[in-house]
Amino acid sequence: MTLGSPLDILGILSVLVAVAALLIWVERRLLAIWQDRLGPNRVGPLGLFQVVADMIKILSKEDWVPPFADKPVFVLAPVVIMASMLAAFAVIPIAPDVGIIDFDFDLLYVLAVMALSVYSLMLAGYASNSKYSLIGALRATAQAMSYEVFLAMAVLGVVMLAGTFNLRAIVEAQRDGWFVVPQFLGFILFFIGILAETHRTPFDLPESENELVAGYHTEYSGMKFGMFFVGEYVGVTLGAALIVTLFFGGWHGPVLPPLVWFIIKTAIFILLFILVRGSLPRPRYDQLMSFGWLVMLPLSFLNLLVTGAVVLWR
Amino acid sequence: MLSYVLFYSAALVSVVATIMVIVSFNAVHALLYVILSFLALSIVFYLMGAFYAAMLQIIVHVGAIMMLFLFVVMMLNLGRRTLEQERKWLPPAAWRWPSAMAAVLLTELVFVLMQEEPAALGHIVASKEVGIHLLRPYVLAVELASMLLLAGLVGAYHLTRREVKT
């Protein structure tokens with residue numbers, strides 16, 4: 001059942017945190033290019049050391065807890081998102097012999113841990129004891145809870161085709177063909193669901209800066225604020241890795257070694273997330289919710305029914 | 001051996017957290033302790049081999065039901081006044097005797113449980129088994145539960161329906 005040694009765990013964890021930090025620079029640079037600007041290009045080659053500069057700045061800032069905050073909960077909230085997002089990576093099958101845990105309910109575990117991460121936003125909003133934070137947290141919770149439903153239902157099509165919750169078995173089942181072909185609708189639903197789960201634009205209503213200052217993390221500063229961001233970027237990486245695992249054949253691919261294929265595919269989806277942010281506007285909140293319940297829900301039911309019928313018919 | 005250590009520590013966490021739910025004055029903190037207790041319970045399920053139940057415990061109870069509770073409590077915005085009120089409602093005199101009686105019951109329960117052979121840890125229940133049990137012997141219970149949920153859904157829809165202006 002177990003797969004990784006302590007060394008593997010340490011390696012994967014540190015790579016993840018490094019990728020999350022690097023993504024801040026990647027995102028700023030790419031958004032700038034797509035918006036016809038330059039972006040951070042002063043520190044180091046291509047502005048690559050901007051990450052280091054940001055880190056130094058964020059670590060040396062005063063770690064301030066507002067006097068009106070609910071202190072224990074305020075401190076706990078950013079830890080929850082970072083820990084849960086990193087913990088979810090434990091079951092992601094990176095390559096045939098790279099990974100940490102392999103057990104029969106991988107996929108349910110990922111969904112469970114992602115559900116836990118929502119507590120972070122909610123508790124941050126509550127503990128900050130400020131209006132903007134509270135509104136942001138209420139939005140975040142309602143949005144995450146509704147889109148989690150579609151996320152789980154979109155995955156069920158893949159589970160039916162593969163006949164298992166085990167992510168490694170799902171990857172193996174895609175040896176002859178990626179699930180994105182029979183499950184295209186499922187893929188689209190899952191992609192939208194992941195965008196909403198990680199609060200990326202166009203689903204960043206909880207932290208929409210022009211109406212809520214910064215939403216649930218308005219009162220946070222220093223490394224606590226940084227942890228929300230690391231959590232978000234690990235979440236983006238997790239979402240991309242899940243999409244690759246479930247719909248795009250995981251590590252399968254010609255010529256190149258499996259690990260390289262996994263990294264390439266994941267990187268493509270991370271870039272797609274950023275491109276979506278660069279190109280789509282933010283909807284109104286009621287539009288977002290009614291889109292979820294009136295469009296996503298029927299479509300995911302339809303996907304489930306058709307897939308079930310096809311699987312039974314064969 | 002390790003699984004027994006994990007089992008008893010998880011069980012201890014869940015018991016302590018449940019006690020904290022009752023004695024904490026702040027409603028949100030009490031809910032956080034409920035969540036902690038559920039998480040510890042899911043570890044207990046996991047160690048007993050019920051992986052599926054453990055995961056569903058987190059997804060359904062922690063991820064959805066408790067979140068709704070917390071959502072509502074947050075919207076009520078209870079504040080400092082309720083804190084004082086709660087504190088007034090639970091002076092030591094109020095819980096001294098009930099807890100003494102509960103302690104007697106607890107000792108009896110522990111005594112009865114000690115008579116039984118301890119169940120073995122780690123009999124793994126596959127998801128297929130769960131599905132077969134739900135749709136064969138317990139199909140009636142599943143159907144009844146779904147009817148209950150449907151009734152709840154219709155009720156909730158009725159309560160939140162806006163009057164249509166003609």
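**Figure 1. Helix H11 of chain A, checked by length.** Helix H11 (residues 285-313) of chain A has 29 residues, and at 1.5 Å a residue it should span 42 Å. Its end C-alpha atoms are 41 Å apart, which agrees. The expected span is 1.5 Å times one less than the number of residues. Helices here are DSSP runs (H or I, at least four residues), strands are runs of E of at least two, and both are numbered from the N terminus. This is a predicted model: local features need pLDDT of at least 70, side-chain atom pairs count only at pLDDT 80 or more, and totals for chains, interfaces and linings use all residues. Residues are numbered from 1 along each chain as its sequence is written, while chains are lettered from A and ligands numbered from 1 in the order in which they are written.

Figure 2. Where does H11(A) bend by about 30°? The bend is at A:Met296. A proline, A:Pro298, follows within four residues. The bend is the angle between axes fitted to the seven residues ending at a residue and the seven starting there. A:Met296 is also buried, as are A:Gly292, A:Ser300, A:Asn303 and A:Thr307. A residue is buried if 20 or more other C-beta atoms lie within 10 Å of its own, exposed if 12 or fewer, and partly exposed in between; the C-beta atoms are placed from the backbone.

**Figure 3. Helix H9 of chain A, an enclosed helix.** Helix H9 (residues 222-247) of chain A has 26 residues. At 1.5 Å a residue, H9(A) should span 38 Å; its end C-alpha atoms are 38 Å apart, which agrees. How many of the 26 residues of H9(A) are buried? The count is 22, so the helix is largely enclosed by the rest of the structure. A:Gly249 follows H9(A), and its phi is positive, near 75°.

Figure 4. A:Pro6 sits in helix H1 (residues 6-34) of chain A. Is A:Pro6 buried or exposed? A:Pro6 is exposed, with 8 other C-beta atoms within 10 Å. A:Pro40 is 34 residues from A:Pro6 along the chain, and their C-alpha atoms are separated by 37 Å. A:Asp36 lies in the loop between H1 and helix H2 (50-60) of chain A. Its phi is near 65°, a positive value in a residue other than glycine. A:Asp36 is exposed too, with 6 other C-beta atoms within 10 Å.

**Figure 5. A:Leu280 and its partners from elsewhere in the sequence.** A:Leu280 is in the loop between helix H10 (258-279) and H11 of chain A. With 13 C-beta neighbours inside 10 Å, A:Leu280 counts as partly exposed. Which residues is A:Leu280 in contact with, leaving aside its neighbours within four places in sequence? They are A:Thr201 and A:Pro202. Contact means that two C-beta atoms, placed from the backbone, lie within 7 Å. A:Leu280 and A:Pro202 are 78 residues apart in sequence, but 6.1 Å apart in space, C-alpha to C-alpha.

**Figure 6. Chain A as the setting for these views.** Chain A has 11 helices and zero strands. A compact globule of 314 residues would have a radius of gyration near 20 Å, and chain A has 20 Å, which agrees. That radius is taken over C-alpha atoms; the globule rule is 2.2 Å times the number of residues to the power 0.38. In chain A, 46% of the residues count as buried. Residues 24 or more positions apart account for 78% of the contacts with a separation of 6 or more in chain A.

**Figure 7. Where chain B touches chain A.** Here 15 residues of chain B are in contact with 15 residues of chain A. Helix H3 (residues 51-76) of chain B gives the most to the chain B side, with 12 residues. That side has 13 nonpolar, two polar and no charged residues. Nonpolar covers Ala, Val, Leu, Ile, Met, Phe, Trp, Tyr, Cys and Pro; charged covers Asp, Glu, Lys and Arg; the others, Gly among them, are polar.

**Figure 8. The two domains of chain B.** Chain B is divided into domain 1 (2-124) and domain 2 (126-166). Domain bounds come from an automatic or database domain assignment. The C-alpha centres of the two domains of chain B lie 26 Å apart. Chain B has a radius of gyration of 21 Å, whereas a compact globule of 166 residues would have one near 15 Å.
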